[in-house]
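Trainee: Could you walk me through this structure, feature by feature? I would like to learn how to read it.

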Amino acid sequence: MKKDVIIACDFPDRESTLAFLDRFQGSRKPFVKIGMELFYGAGPDIVREIKARGHRIFLDLKLHDIPNTVRKAMKVLSALDVDMVNVHAAGTVAMMKAALEGLTRADGTRPLLIAVTQLTSTSEETMQKELLVGASINDTIVRYAQNAREAGLDGVVCSPLEAAMVKEACGETFLAVTPGIRFADAAADDQVRITTPARAREIGSDYIVVGRPITAAEDPVAAYEHCMKEFAE
Ligand code: C5P
């Protein structure tokens with residue numbers, strides 16, 4: 001499995017996203033993540049446009065609904081020819097299986113499908129008090145990852161610090177896609193459980209999702225190349 005850096009394109013509109021991607025003309029085409037804000041604002045055409053420019057796309061919409069609805073929605077996303085999509089593992093094994101069915105094209109190909117275990121914005125205390133999940137956050141993450149694996153998914157989104165735990169529970173080939181990456185000399189912003197690209201590689205991440213350290217850098221192409229060098233090469 002080749003490791004790769006995914007740039008989180010957290011821009012509000014088509015123009016600023018494409019202006020950002022224009023900077024990569026002449027360099028290699030990064031794998032990019034498109035989230036809810038851009039997708040809901042700019043619509044599916046933004047996916048087609050970025051795909052036509054030769055980028056691979058992780059469409060981060062975190063689906064969570066009844067199995068039938070998720071199956072049908074995934075069919076639509078699969079036709080957009082994205083490379084990776086995700087669901088909430090909290091939607092249950094049945095929902096994740098339905099997502100996988102919806103994603104699989106007539107020729108048997110499909111985008112990678114990964115599950116969000118517990119959002120990194122949810123503390124153990126909130127999970128226990130508000131969601132009434134009695135287990136520890138680590139046990140919850142491992143169980144949700146095992147559920148995702150049972151449903152046939154390819155991996156989970158987790159903090160890089162959780163990647164080793166997930167691999168131990170679900171096997172080496174089960175993907176760990178990890179945000180929360182910062183360069184050693186940079187500000188953490190609002191991220192709490194962070195690590196560097198080099199450390200994420202050591203712990204076992206397969207893909208790192210990097211936003212502001214690249215998008216807000218003075219030279220985003222240089223910052224991306226720095227990440228690729230530390231993590232993927
Ligand atoms: O700018 P930064 O590198 O913090 O961006 C990280 C990206 O990963 C953002 O798009 C954020 O929404 C996403 N993400 C995250 N933590 C999660 C899931 C997704 O930071 N648990």
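Mentor: Gladly! Helices and strands here are DSSP runs, numbered from the N terminus. Keep in mind that this is a predicted model.

Trainee: Where is Asp 81 placed?

Mentor: Asp 81 sits in the loop between α4 (67-79) and β4 (84-88). Asp 81 is not a glycine, yet its phi is positive, about 65 degrees. Its relative accessibility is 39%, so Asp 81 counts as partly exposed.

Trainee: Which value does phi take in Leu 132?

Mentor: Phi of Leu 132 is positive, near 60 degrees, in a residue other than glycine. Leu 132 belongs to the loop between α6 (124-129) and α7. Leu 132 counts as exposed because its relative accessibility is 72%.

Trainee: Is His 55 buried or exposed?

Mentor: Buried means under 20% relative accessible area. His 55 has 4% relative accessibility and therefore counts as buried. You will find His 55 in the loop between α3 (45-52) and β3 (57-63). A polar atom of its side chain lies 2.8 Å from the backbone oxygen of Pro 30. Beyond its neighbours within four places in sequence, the contacts of His 55 include Leu 21, Val 32 and Asp 83.

Trainee: And how are two packed helices described?

Mentor: By the angle between their axes and the distance between the axes. Here, the axes of α5 (residues 93-103) and α7 (residues 137-150) come within 9 Å and cross at roughly 40 degrees. The two helices are therefore oblique to each other, and α5 passes α7 in a right-handed crossing.

Trainee: Which residues meet there?

Mentor: Val 93, Met 96 and Lys 97 of α5 meet Asn 147, Ala 148 and Glu 150 of α7. By class, that contact has three nonpolar, one polar and two charged residues.

Definitions and conventions. Residues numbered from 1 in each chain as written. Predicted model: local features only at pLDDT ≥ 70, side-chain atom pairs only at ≥ 80, totals over all residues. Heavy atoms only, no water. Axes fitted to C-alpha atoms, helices over the stretch in contact; angles between N-to-C directions. Helix = DSSP H or I, 4+ residues; strand = E, 2+ residues; numbered from the N terminus. Parallel < 35°, antiparallel > 145°, perpendicular 65-115°, else oblique. Left-handed = near helix turned anticlockwise from the far one by under 90°. Contact = heavy atoms within 4.5 Å. Nonpolar A, V, L, I, M, F, W, Y, C, P; charged D, E, K, R; others polar. Buried < 20%, exposed > 50% of the residue type's maximum accessible area, 1.4 Å probe, protein only. Polar contact = N/O pair within 3.5 Å; in protein donor to acceptor, adjacent residues only side chain to side chain.
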